[in-house]
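This report describes one protein chain, starting with the chain as a whole and then turning to single residues. Please keep the sequence and the structure in view while reading.

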Amino acid sequence: MTAIGSMARVATTIIPPGDDWKDDPIVAADLEAGLHARFHTLDSPALGTGSWQLAGSGGREQFTIEQLRGEILGGVLTLLGELGWGDVPTARLTLSGEALQPAGLVPDWPERAQLSVAGELELKDRTFRLQNLVLQIPATGSRLNFDARGELAQQPLETPLQAEISWSALSWPPTGESLVESPAGRLKLDGTPTDYKLELETGIAGPGIPRGEWRLTGQGDLGGLRLQPLHGQLLDGTL
């Protein structure tokens, strides 16, 4: 990573371990004056080379990200918002991205199926919320929505989480002739990593696959997931 400008020192100490840096008057003054840095991620077969630029300002208790802009996956990701690192950490961040090409991450992903993304993350009073995270393929109208809420626990395995993923117009492959389609669906998750419940409702269709509605429920823990019998409605009947 390479930082450019007089803020090179701050670029490596924005959120270091421990609190000793808060008493460093040079770091505090640099944060208040403003941070501008440019850096590159390592080249990788999946992500390629990412070029990032960061601008922001703050102090001993908070930092405002005026813009974190990354050119990665063939497109652009942008993050802005505020971070607080007082006695109780806080965050309010907004993410957006466009023209992203995940072919390096997903085998056989077509070049035409570029992704856009938008969403918000908030951390307050040890409660975190991921709101309205939306992934879209503008060329096809495919859309996936993700919402989650949880409470930070002293033990990570005891962190309660409620999450819901819903989608519309999904298909594989995402462009061209589809092998399988899901016009709409929803996946819900509720519990902790050691005790959670899962519920899936989705429509499925495709060449040689009768259009139907399917429902699957299950309960899991660190040892695995136990699924209940699959229920389906298709061909005017029930399975």
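## The chain as a whole

Take the contacts in the protein chain between residues at least 6 apart in sequence: 34% of them join residues at least 24 apart. The model is a predicted one. Its secondary structure comes to two helices and 15 strands.

Of the 239 residues in the protein chain, 34% are buried. The accessible surface of the chain is about 14300 Å², and carbon and sulfur atoms account for 56% of that surface.

Side chains of opposite charge can pair when their charged atoms come close. How many salt bridges does the structure hold? The number is eight.

One of them joins Glu-122 and Arg-92, with 2.9 Å between the closest N and O atoms. This pair links distant parts of the chain, since Glu-122 is in strand S6 (residues 115–124) and Arg-92 is in strand S5 (residues 90–100), 30 residues apart. Is Glu-122 buried or exposed? Its relative accessibility is 17%, so Glu-122 counts as buried; the cut-off for buried is under 20%.

Another salt bridge is formed by Glu-199 and Arg-186, and here the closest N and O atoms are 3.7 Å apart. Glu-199 counts as partly exposed because its relative accessibility is 24%. Arg-186 is also partly exposed, with a relative accessible area of 27%.

Glu-199 has a salt bridge with Arg-215 as well, the closest N and O atoms being 3.8 Å apart. Arg-215 is in strand S12 (residues 209–221) and Glu-199 is in strand S11, 16 residues apart, and the pair links distant parts of the chain. With 37% relative accessibility, Arg-215 counts as partly exposed.

## Ser-182 in strand S10

Strand S10 also contains Ser-182. Its relative accessibility is 12%, so Ser-182 counts as buried, the cut-off being under 20%.

What does the side chain of Ser-182 reach at 2.9 Å? It reaches the backbone oxygen of Gly-203. Leaving aside residues up to four places away in sequence, Ser-182 touches Trp-167, Ser-168, Ala-169, Leu-170, Thr-202 and Gly-203.

Which residues make the nonpolar surface patch of about 330 Å²? The patch is made by Trp-172, Leu-179, Val-180 and Ile-209.

Ile-209, one of these residues, is found in strand S12. Its relative accessibility is 35%, so Ile-209 counts as partly exposed. A residue needs over 30% relative accessible area to be part of a patch, and the 35% of Ile-209 meets that cut-off.

Methods
Residues are numbered from 1 along each chain as its sequence is written. This is a predicted model: local features need pLDDT of at least 70, side-chain atom pairs count only at pLDDT 80 or more; totals for chains, interfaces and linings use all residues. Side-chain values use heavy atoms; hydrogens and water are left out. A salt bridge is a side-chain nitrogen of Lys or Arg within 4 Å of a carboxyl oxygen of Asp or Glu. Helices (H or I, at least four residues) and strands (E, at least two) are DSSP runs, numbered from the N terminus. Buried means under 20% relative accessible area, exposed over 50%, partly exposed in between (1.4 Å probe, protein chains only). A polar contact is a pair of N or O atoms within 3.5 Å; within protein, one must be able to donate a hydrogen and the other to accept it, and residues adjacent in sequence count only if both atoms are side-chain atoms. Contact means heavy atoms within 4.5 Å. Accessible areas come from the Shrake-Rupley method with a 1.4 Å probe; for residues, only the protein chains shown count as cover. Patches are made of residues with over 30% relative accessible area and no salt bridge: like charges are joined within 9 Å, nonpolar side chains (Val, Leu, Ile, Met, Phe, Trp, Tyr) within 5 Å.
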